Amino acid sequence: MLFLALLFQAPVHLSLDFAKPGVAVSSRLYGLMTEEINYSYDGGLYAELLRNRAFLDDSRRPAHWSAVGDDASINLEPTGRTAARPTALRIHGGAANEGYWGIPVRPSTAYRLTLWVKADAPGPIHASIESPDGATVYARTDVAAVDSQWRKLGATLRIGSVPPITDARLVLRTGDRTVWLEQASLFQPTYKGRENGNRPDLMRLLVDMKPKFLRFPGGNYLEGNTLKDRFPWKETLGPIEGRPGHRSPWGYRSTDGMGLLEFLQWSEDMKAKPLLAVYAGYALNGGYIKPGPDLQPVVDDALNEIEYVIGGPETAWGARRAKDGHPKPFPLECVEVGNEDGFDKSGSYAARFVQFYDAIKAKYPRLRVISTTGGKDWLGLKFPITKREPDLWDEHYYSEAWDMMGMATKYDTYDRKGPKVFVGEWASHDTVPPWQAGPRAGPTPNMKCALGDAAFMTGLERNSDVVEMACYAPLLVNVNPGGRQWSLNLIGYDALRCFGSPSFYAQKMFAENLGDRTVPLTLSNVPTQQQGEKSLPGLFASATSDSRTGTVYVKLVNPLSSEQAIAFDLKGYSPRPSGTLTVLKGDLKTMNSIDEPTKISPVTAEIHGLGPTFQQTLPAHSVVVLTLRRGTRRV
Ligand code: AHR
């Protein structure tokens with residue numbers, strides 16, 4: 001009976017009405033959200049290879065370092081030389097650093113070694129990249145001229161034509177001498193060759209997503225667990241040996257190698273606009289700074305930070321940016337005040353926001369200010385009674401995949417009056433929420449999540465007049481054991497390799513196939529799917545067109561376990577007879593991984609027989625982009 005029912009299931013009818021105007025699609029709809037979580041920067045995007053490079057991770061022992069050689073010893077020794085580098089590693093004989101779950105050996109690659117060092121007697125330090133047992137040496141060099149003066153010394157380690165491995169280590173041999181190491185750094189080549197820059201393979205995945213903005217530095221990472229642990233932007237500027245690093249809320253210390261300038265350059269390298277979140281005087285433990293005079297230094301600090309980003313060379317902080325190597329101001333348009341301040345039970349955000357808003361608008365009237373609470377329903381909180389209306393408000397949604405599908409129509413009926421929406425964090429999960437599952441699930445979403453994500457994105461696109469920006473979170477995860485605090489993340493990696501999840505591919509497909517106007521779309525004869533108690537539509541869709549080229553992009557999500565025929569009716573548009581169909585599909589529980597990085601990935605094929613009406617079948621559990629090109633015949 002079921003077979004017969006499916007056999008005779010009439011196709012879903014999808015009509016696109018080109019005579020109706022549609023709405024303008026936001027030119028910055030899809031972006032990226034980032035913070036230091038899951039070893040996103042240290043041990044991730046930031047191209048430093050040594051772990052605990054300044055010996056500050058643990059005050060009791062030299063974590064991630066070990067003694068190498070008979071009678072060798074290593075100890076932490078306070079030097080108090082600088083505030084940022086108060087401790088040295090005293091090495092007698094030899095020491096090894098294990099990196100972030102291994103140091104990668106990339107064939108035919110040169111790594112830059114830098115040591116901040118002195119010794120009890122003059123002579124070289126022998127540096128090498130070796131297998132964990134020391135049996136194979138992949139690269140070696142001498143760091144010459146180490147003597148009793150503190151010096152910053154560099155050398156290059158060149159790896160030859162060898163098979164890649166993930167778990168090598170850096171070894172520094174000192175012979176009979178004792179050496180004090182204040183900091184050590186080993187950099188792999190970076191994207192666009194930037195000094196203190198990013199890992200190229202991860203950057204390529206991010207650039208492929210064509211993000212229009214980068215939201216940084218967090219997330220919880222902006223705030224920290226206590227009022228002392230906020231993202232200390234000023235201390236993240238300048239040479240890395242001057243950056244003390246700080247405690248992040250995700251259970252490990254941040255080197256702050258990825259500092260304010262690096263975030264800005266990262267966005268520049270992706271041709272994305274920076275979206276700066278400024279610390280607003282609230283900590284995750286509930287601590288807050290009283291609005292009024294107590295808060296004013298924090299507001300002034302945010303103004304200085306903004307000046308660093310966009311101030312001219314005549315301003316104090318603009319001049320500092322120029323001195324740091326970037327004379328040109330960055331194209332900042334939006335500033336977010338805090339993060340998830342709806343959790344501030346004191347209710348102080350209403351007044352804190354006003355104080356920030358007034359100060360930012362007074363100095364930079366053209367900047368758009370984002371509130372982290374409010375929205376029409378996020379956390380059930382209305383924007384606190386205040387005289388200031390934010391330009392946008394940031395709503396966060398972490399939902400089970402079928403629930404996320406249920407939210408695909410959320411913005412269809414959203415109040416068009418008032419601020420625009422920035423969906424500043426969102427993601428679908430399978431069964432257990434990612435903050436509860438932590439390392440027990442993931443590390444990246446499966447196909448079921450990608451279906452939930454894609455269905456939700458059809459709603460974002462259809463309603464891009466009110467949803468101006470959106471970004472998935474979290475973005476990055478080191479997949480090694482101990483690497484993650486949040487179970488589901490868009491892109492996974494180890495020291496050597498990386499991969500995008502099915503959700504990554506869904507995001508990429510949506511971002512790279514986007515017009516500038518929506519095309520009004522009607523669906524009829526849509527089957528219903530029953531997911532537990534939930535009764536959901538069996539198809540989700542959105543359509544946009546590019547007004548310059550006439551190309552039309554139809555996004556379709558088939559969450560059903562059977563294929564679906566769709567009968568298209570294009571009112572007022574005559575396509576060329578051939579177009580393309582890009583399909584992402586797979587079993588609900590299937591994920592990509594380091595070993596199977598593209599098990600689920602989109603496949604594009606030409607399709608033919610298109611016209612004002614045509615039929616197309618969607619595979620089971622699929623996310624599909626249909627691209628139509630305008631034909632020569634005028635309608
Ligand atoms: O994305 C992970 C965390 O979720 C963010 O740090 C926080 O803003 C949200 O609660």
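Predicted model: local features only at pLDDT ≥ 70, side-chain atom pairs only at ≥ 80, totals over all residues.

Biologist: Great. Which residues surround the ligand?
Modeller: The ligand has E35, G219, N220, W250, N339, E340, Y398, E425, P474 and W486 around it.

Biologist: And how does that shell split by class?
Modeller: There are 4 nonpolar, 3 polar and 3 charged residues in the shell.

Biologist: Which side-chain atom lies 2.5 Å from an oxygen atom of the ligand?
Modeller: That one is a polar atom in the side chain of E35. E425 also has a polar side-chain atom by a ligand oxygen, at 2.8 Å. For Y398, an N or O atom of the side chain is 2.7 Å from an oxygen atom of the ligand.

Biologist: How much of the ligand does the protein bury?
Modeller: The protein buries 93% of the 280 Å² that the ligand exposes when taken alone.

Biologist: Nice. Switching topic: what is the strand order in the open sheet?
Modeller: The 4 strands run in the order β25-β1-β30-β33, with mixed pairing.

Biologist: Which strands stand at the edges?
Modeller: Those are β25 (521–524) and β33 (613–618). Each has a single partner strand, so one side of each has no neighbour in the sheet. From one strand to the next, the twist averages 25°.

Technical notes
Residues numbered from 1 in each chain as written. Heavy atoms only, no water. Near = heavy atom within 4 Å. Polar contact = N/O pair within 3.5 Å; in protein donor to acceptor, adjacent residues only side chain to side chain. Areas by Shrake-Rupley, 256 points an atom, 1.4 Å probe, with all protein chains shown as cover. Nonpolar A, V, L, I, M, F, W, Y, C, P; charged D, E, K, R; others polar. Pairing = 2+ DSSP bridges. Helix = DSSP H or I, 4+ residues; strand = E, 2+ residues; numbered from the N terminus. Axes fitted to C-alpha atoms, helices over the stretch in contact; angles between N-to-C directions.
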